[in-house]
Amino acid sequence: MLGGWLRELSELVLPAVTSCQLCGSRRRPGKNSGLCCICQKEIDYWDENYFQCNKCGRYIPTQGLCVKCSEEEPPFLKAAAVGPYRGVLKEGIYSLKFRGDRNAAKPLGRLLALKIRSRLKTDDIDIIIPVPLHGNKLQARGFNQAELLAREVAREIRKPVAHNVLLKKIDTPAQTHLSQREREENLRQAFFVNTVDRVKGKGVLLLDDIFTTGSTASECTRELLEAGAEKVYVATVATGIHFSPTE
Ligand SMILES: [Zn+2]
Ligand SMILES: [Zn+2]
């Protein structure tokens, strides 16, 4: 009786310890991950059963490169992602972006940092640059989700975030229903490097919430390389699945 009462009290005082940081359920989270067993299982599932393209990080059924990267190599060195854009990751990103739940950046950023450490060469990274939002969108949302994620990742991998270095000068329309070619067309010249000195000769980790066709990551990478960045890696919380040439 007393034990139950005490537990309830401790849950009130220490909510972070007794609920999953990703889904918010009361299932007891793992000590180090902060995730409940169900979220952890879902995230592990993809890495246990599939491969990530050696280049872009999309999930594929066999080891090596995805169809897209074997046809045309992207300009960045390598991309890392926690998992496909579905399930708990999709919900977490939705909460962060559209419900304004800034706390969601914490578990997502931590999971991403783990993936970055296992997949990328962190020694090569000098600065973290979040994919920027156009001023109009930033004003409407009140924050840039990539910036919040970058802060969490920065804390975990101990690299600085370079703010306001890469900017978006053209307010491109929502990309969701566009083909890859249309996306690329829209994004051409949409980004620019504001302070070239901060990028020159640097290893850059470009950070965003979702990797869809890779058009945004590629366009930002081209700008960064043009400004003199030595190498560019990409990290996103979620990525795509590429199981056949038609997908
Ligand atoms: Zn959970
Ligand atoms: Zn690929």
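Predicted model: local features only at pLDDT ≥ 70, side-chain atom pairs only at ≥ 80, totals over all residues.

Guide: Two packed helices are described by the angle between their axes and the distance between the axes. Here the axes of helix α6 (residues 105-119) and helix α8 (residues 145-157) come within 8 Å and cross at roughly 50°. That angle makes α6 oblique to α8; angles under 35 degrees count as roughly parallel, over 145 as roughly antiparallel, 65 to 115 as roughly perpendicular and the rest as oblique. Axes are lines fitted to C-alpha atoms, for helices over the stretch in contact, and angles run from 0 to 180 degrees between N-to-C directions. Helices (H or I, at least four residues) and strands (E, at least two) are DSSP runs, numbered from the N terminus.

Visitor: Which residues of α6 and α8 meet?

Guide: Two residues are in contact if their C-beta atoms, placed from the backbone, lie within 7 Å. On the α6 side they include Leu108, Leu112 and Ile116, and on the α8 side Leu149, Val153 and Ile157 are among them. The residues of this contact divide into 9 nonpolar, 1 polar and 5 charged. In that division Ala, Val, Leu, Ile, Met, Phe, Trp, Tyr, Cys and Pro count as nonpolar, Asp, Glu, Lys and Arg as charged, and the others, Gly among them, as polar.

Visitor: In what order do the strands of the open sheet run?

Guide: Strands of a sheet pair through backbone hydrogen bonds, either parallel or antiparallel. In this case 4 strands take the order β3-β8-β7-β4 with parallel pairing. β3 (78-84) and β4 (127-130) stand at the edges with a single partner strand each, so one side of each lacks a neighbour in the sheet. Neighbouring strands are turned by 20° against each other on average, direction ignored. Two strands pair if DSSP finds at least two bridges between them; β7 (residues 203-210) and β8 (residues 231-239) have 7 bridges. Asp208 has Thr236 in β8 as its bridge partner.

Visitor: Which strands does each of the two helices touch?

Guide: α6 packs on the sheet against β3 and β8, its direction making about 135° with that of β3. α8 touches β4, β7 and β8, and its direction makes about 125° with that of β7.

Visitor: How is the protein chain divided into domains?

Guide: Domain 1 covers 1-40 and domain 2 covers 50-239, with bounds from an automatic or database domain assignment. Their centres, taken over C-alpha atoms, are separated by 31 Å.

Definitions and conventions:
Residues numbered from 1 in each chain as written. Chains lettered and ligands numbered in written order.
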